[in-house]
Amino acid sequence: MLLSLTNHGPNASDLGYLLHKHPANVHTSTLAFGEATVFYPDSPEEECTAVLLVEINPIDLVRSKGARQANWALGQYVNDRPFVASSFLSTAISRVFGTALNGTCQKHPELVDQELDLTAHLPAFPAPGGQAQLERLFAPLGYKITCQATPLDPNFPDWGESHYHDLTLRKTCTLQSLLQHLFVLIPVFDRQKHYWVGQEEIEKLLSKGEDWLQDHPERDWIVTRYLKFQRGLTRQALAQLAPETDDSEAEEEPEVEKKISLHSLRLDRVTDIVKSLTPASVLDLGCGEGKLLYRLLKNTSIPKITGMDVDSRSLEIAQERLITRPRGKYDKRLTLIQGSLIYRDARLAGHDIATLVEVIEHLDPPRLEALSRVVFECARPSHIIVTTPNIEYNVLFEGMNPGQLRHRDHRFEWTRAEFETWAHKVAKTHNYQVTFEPLGEEHPDHGAPSQIAHFSR
Ligand code: SAH
């Protein structure tokens, strides 16, 4: 079985550093079930291809219990295991490209986070659901997919196509994320894991799926198949991916906004603004379950990030997602604190930026005065980013009744003018400048669905 990885320039041969395999050599490793070889076929200068060839030992295969093809007498001897992309290939990826899969590169650590124009080619990829199934799984991850079903037998075209596909995936991303996607999704498609699936499979799945699985539209399907339909394990993994929000206060996103992915847009925009200011420290006030914190940790190298919320359940979820599960990945940069925005708090002082994403509308209007003092006077960062819904836009949301607010915990929602009046007053009182920015697609009469105020001093 083969997997080819191509880096389409510039500096295409950096692939060798990332894979920890010199392009001039042939690298052979012995695996429990056979042999893996990595080599670089003659590649033109502007691109670099590394091929992983996995050869399974047929004797071991016959003896191994997991690989036995039970429903056919000769299945042990005549089967697709030697050539089809399967859990054998995933295991080989983790053994042979382990450093790249785990995001380390000793010689050039700066390459790990670099987005490269990459292609993965798998000439025998099993997809019983055909191209549509491949699209459903890979397209949400941003891949451009090219695939061609292989005929069952080219000599007998009437027999039709097999479920094996010649698959090419292309995406600009880090090599680590490409390898993580393949590591998890190959056995999901193939389903015949060659080893016993136990508790440690959850660990593997969660660590390799950490950055993407939670938001994948086919998440449950992927988890179920990765864990070979073992109900207990599947339930456990799903619970860890999306901790149950039995406390309804922990539900942060208004349902109506989900249809236009407004919250993601908002979090991405705030992340971009924060990043462009290159701060040394950021304070996310009313951080909730830590969605903005996650983006800041992942997409920036800001060394000091603090999340604060009044709600302990939300903080527990943030703790689980950002500290407990990623084990050591973010805990040096991240601090979570519990506190209320209406009481002065010395821990809030000394930060470059404070963000309040969809927080002010959760406070009763008379409390806003206290919040302004705590944030603008006591914390007093150089920049403060505040977002809040634009109530004028609500008429455009399907299924909202007149006068209804977007979330049951919202105490108010403002028009653009109301928000600007409040912001100008606060800015003047505390000596800040303020600018405004619409968020989401603007309607000529009702404006954008959400709004941002950027205060600076
Ligand atoms: N900023 C997050 C969460 C928004 S929901 C996000 O964008 O995803 C509003 C959050 O504000 C909730 O987590 C709620 O617990 C928090 N909150 C409400 N009143 C607060 C207060 N007085 N002090 C601190 N946090 C508060």
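This is a predicted model: local features need pLDDT of at least 70, side-chain atom pairs count only at pLDDT 80 or more; totals for chains, interfaces and linings use all residues.
Q: Which polar backbone atoms lie by a nitrogen atom of the ligand, and at what distances?
A: A polar backbone atom of Gly-286 is 2.7 Å from a nitrogen atom of the ligand, and for a polar backbone atom of Leu-341 the distance to a nitrogen atom of the ligand is 2.9 Å. The ligand taken alone exposes 570 Å², of which the protein buries 92%.

Q: Which residues around the ligand come nearest, and how does the shell divide?
A: Among the 16 residues around the ligand, the nearest are His-263, Gly-286, Asp-309, Leu-341 and Val-357, while the shell divides into six nonpolar, six polar and four charged residues.

Q: Why does Leu-227 count as buried?
A: Leu-227 has a relative accessibility of 0%, and buried means under 20%, so Leu-227 counts as buried. Its place is in the loop between helix H8 (219-226) and helix H9 (231-241).

Q: What does Leu-227 touch, leaving aside residues up to four places away in sequence?
A: With that exclusion, Leu-227 touches Val-197, Glu-201, Ile-202, Leu-205, Leu-233, Thr-234 and Ala-237. Between Leu-227 and Ile-202 the separation is 25 residues in sequence and 7.6 Å in space, taken from C-alpha to C-alpha.

Definitions and conventions
Residues are numbered from 1 along each chain as its sequence is written. Side-chain values use heavy atoms; hydrogens and water are left out. A residue is near a molecule or strand if one of its heavy atoms lies within 4 Å of it. A polar contact is a pair of N or O atoms within 3.5 Å; within protein, one must be able to donate a hydrogen and the other to accept it, and residues adjacent in sequence count only if both atoms are side-chain atoms. Accessible areas come from the Shrake-Rupley method with a 1.4 Å probe; for residues, only the protein chains shown count as cover. Ala, Val, Leu, Ile, Met, Phe, Trp, Tyr, Cys and Pro count as nonpolar, Asp, Glu, Lys and Arg as charged, and the others, Gly among them, as polar. Helices (H or I, at least four residues) and strands (E, at least two) are DSSP runs, numbered from the N terminus. Buried means under 20% relative accessible area, exposed over 50%, partly exposed in between (1.4 Å probe, protein chains only). Contact means heavy atoms within 4.5 Å.
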